[in-house]
Amino acid sequence: MLSVRHTAFALLMALVFVPGVPAHAHTAIVKVDGRWQLQVDGKPYVVRGVTFSGSSSSAAYEQDCARLSSLGVNTLRTWGTGTETRALLDAAHKHGLKVLVGLWLRQGRPGAESDDSFDYIRDTRGMKKQLADTLAQVRYFKDHPAVLAWGIGNEVLLNSPNDAEKEAYARFLEQVIKEVKKLDASHPVLSVDAWTFGVPWWEKYTSSLDAYGINVYGGGIHVLPGELAKAGVVKPWLITEFGPQGEWDAPKDTNGVPREPADTEKYATIVDGWRNALTPHLQEGRCLGLFVFNYSASFDHTGLWLGMLSGSSTRPAWHAVREAYTGQKPATPLPTVAHLTVGSVKQEASGTWAEVQVEAKDAAGTPLEVSFAYNFRGAPTRHERDEVVRLQARPSPTSGSWLVRMPSVKGSIKLYALAKDSAGNLVAATTSVALPLTR
C-alpha cells in the first residue's frame, strides 16, 4: 500500500528561537470506560484530517487552513519537518487546526517513498545522526499549540529489504520513541506504515508506541479493522492515509496500464470510508480518526489520481472530504466526463493525430471545455514517470470529438481528458493508448 510523496518538507532546518508562541496544548490517548480516546486538554478529539502538501508555498498556508477548516477538517498530517513547518503550525493554530507532525526516518531501500537506501544494521553513525536530528525537531516544535502528536517514520518497514533490516529498524525506532518521550511527555507518539505490514514488528520491538498509523486505500478500509483484530492489536490506531484504490492495487487493462477509478468512484470511496467503514470503530474506541490523501495542487500522476486540488481547480475529492466530515453535498452536482474513447488515426507532417471522442457536461447539460494530457509510466526517471504533459488538440469535424496529437514515445501511455466548469471544478477521465499507433 504505497503512496508517492511528491511533496515533502526538508529533513533539517536552522534552529532559531521564535518568540511569542502561545502555551502548548496537552494531548493524550487514554482509556475511558474501556475505550481508547484521544484527548486535547482533557476533551475528546476525533481526527478528521487530510495529509498536507499545500496549494503552493508557505505564503498560502493561512488560506489553505481556512479553506480546509470550512470543509470540516480539524487536523493536518505532514511526513517531515522543514523551514516551512513553523508557518504551517502558526496558520493551523490560527484556524483551529491541529497537526500530526511527521518526523522523517530514512528508507531502507529505493521505492515509491524515495530513492534512499539506508542500512539500519550497520550504519551506526547514520542512526546516531537521525536520532539527533529527530530530537532537535522535537525540541523546536514541541511547545507549539498546534502540535497534536508525532508521527515517526513513514512506510519504512514496507520499504526495508529483508527481515533482518526490518528488525533492526524496529529496534532503532523504539530507541527514537523513548528519547522523544523523554523530551516531550505532552504529545503521543505513533509510527506509520502501509496496511498491516508494520504490525508484527511494532508488536514485538516497539512497545513504546502510543498508537499505530496505518495507510490504507480503497475497499481495504472495510477489511483493515478485522485484520488488526486478528493480529491481536489492542492499541488504538489512526488511518494516516486514505483515498480511492491506488495504482499499486488497480487491475491492469489490455495495454498493461492500471485502471484508474472514475472520479465518481473516488468520491464515493472517501465518503463511504468515513461514514460506513470507520464510524463503528470510532464509537468502539479502536480507531482515533482518519487522514484523507492529499491536500496538494500538483498537476501530476499522483495529484490527479489522489489529490483534492489541481492548480487552482478543485477535484471531486475536495467535495468528498466536505461531505464525509460535514454531511454537506456540493450545492450543484459536479460535472462529469461520461466517456472517453480513441478512434481513427491520422498521420501528418507534424506527427500522429488520434480522433478522441469525449462527452463532458455540467449539471445543466452544458458541454464543457476539454483539454488533453498524458502520463508515461514507462519513462526512465521518477520525475518523468509522474509527470503529466499537456497535449496539443483541435476540434474534429465529428461532433464531440477532438484530434489529439500523440506523443512520440514507445509504449503504453495514460491519456487524460480534463474538463473544467465555471465554478472551478476539474473532472477527468482516463484511458490507455499503446504507442506508436498504427491503425
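Guide: Helices here are DSSP runs of H or I with at least four residues, strands are runs of E with at least two, and both are numbered from the N terminus. The model is predicted: local features need pLDDT of at least 70, side-chain atom pairs count only at pLDDT 80 or more, and totals for chains, interfaces and linings use all residues. Residues are numbered from 1 along each chain as its sequence is written, and side-chain values use heavy atoms, with hydrogens and water left out.

Visitor: Why are helix 6 and helix 7 called roughly parallel?

Guide: Start with the angle. Axes are lines fitted to C-alpha atoms, for helices over the stretch in contact, and angles between N-to-C directions run from 0 to 180 degrees. Helix 6 (residues 220-230) and helix 7 (residues 263-284) cross at roughly 15 degrees, and their axes come within 9 Å. Roughly parallel means under 35 degrees (over 145 is roughly antiparallel, 65 to 115 roughly perpendicular, the rest oblique). The angle therefore makes helix 6 and helix 7 roughly parallel.

Visitor: What makes the contact between helix 6 and helix 7?

Guide: Helix 6 brings Ile221, His222 and Pro225. Helix 7 brings Asp272, Gly273, Asn276, Ala277, Leu278 and His281. Contact means heavy atoms within 4.5 Å. These residues divide into four nonpolar, four polar and one charged. Nonpolar covers Ala, Val, Leu, Ile, Met, Phe, Trp, Tyr, Cys and Pro; charged covers Asp, Glu, Lys and Arg; the others, Gly among them, are polar.

Visitor: How do you know which strands form the barrel?

Guide: By their pairing. Two strands pair if DSSP finds at least two bridges between them. Eight strands close up in the order 4-5-6-7-8-9-10-11, with parallel pairing. From one strand to the next, the twist averages 30 degrees. Take strand 4 (residues 47-54) and strand 5 (residues 75-77): three bridges join them. In one of these pairings, Val50 has Leu76 of strand 5 as its bridge partner.

Visitor: Where do helix 2 and helix 7 lie?

Guide: Helix 2 (residues 85-94) lies across strands 4, 5, 6 and 7, at about 160 degrees to strand 6 (98-103). Helix 7 lies across strands 4, 10 and 11, and runs at about 160 degrees to strand 11 (287-296).

Visitor: Where are the cis peptide bonds from Phe293 and Leu435?

Guide: One runs from Phe293 to Asn294, with omega near 10 degrees. Asn294 sits in strand 11. Another joins Leu435 and Pro436, with omega about 5 degrees. Pro436 is in the segment after strand 21 (426-435).

Visitor: Why is Asp33 called exposed?

Guide: Its relative accessible area is 75%. Exposed means over 50%, buried under 20%, and partly exposed lies in between (1.4 Å probe, protein chains only). Asp33 therefore counts as exposed. The residue is in the loop between strand 1 (27-32) and strand 2 (35-40). Asp41 lies in the loop between strand 2 and strand 3 (43-44).

Visitor: Why is Pro251 called partly exposed?

Guide: Its relative accessible area is 47%, so Pro251 falls in the middle class. Pro251 is in the loop between strand 10 and helix 7. Not counting residues up to four places away in sequence, Pro251 touches Gln245, Val257, Pro258 and Arg259. The C-alpha atoms of Pro251 and Pro261 are separated by 10 Å.

Visitor: What makes helix 9 mostly covered?

Guide: Count its residues. In helix 9 (residues 316-326), 10 of the 11 are buried. Among them are Trp318, His319, Arg322, Glu323 and Tyr325. Just after helix 9, Gly327 takes a positive phi of about 85 degrees.
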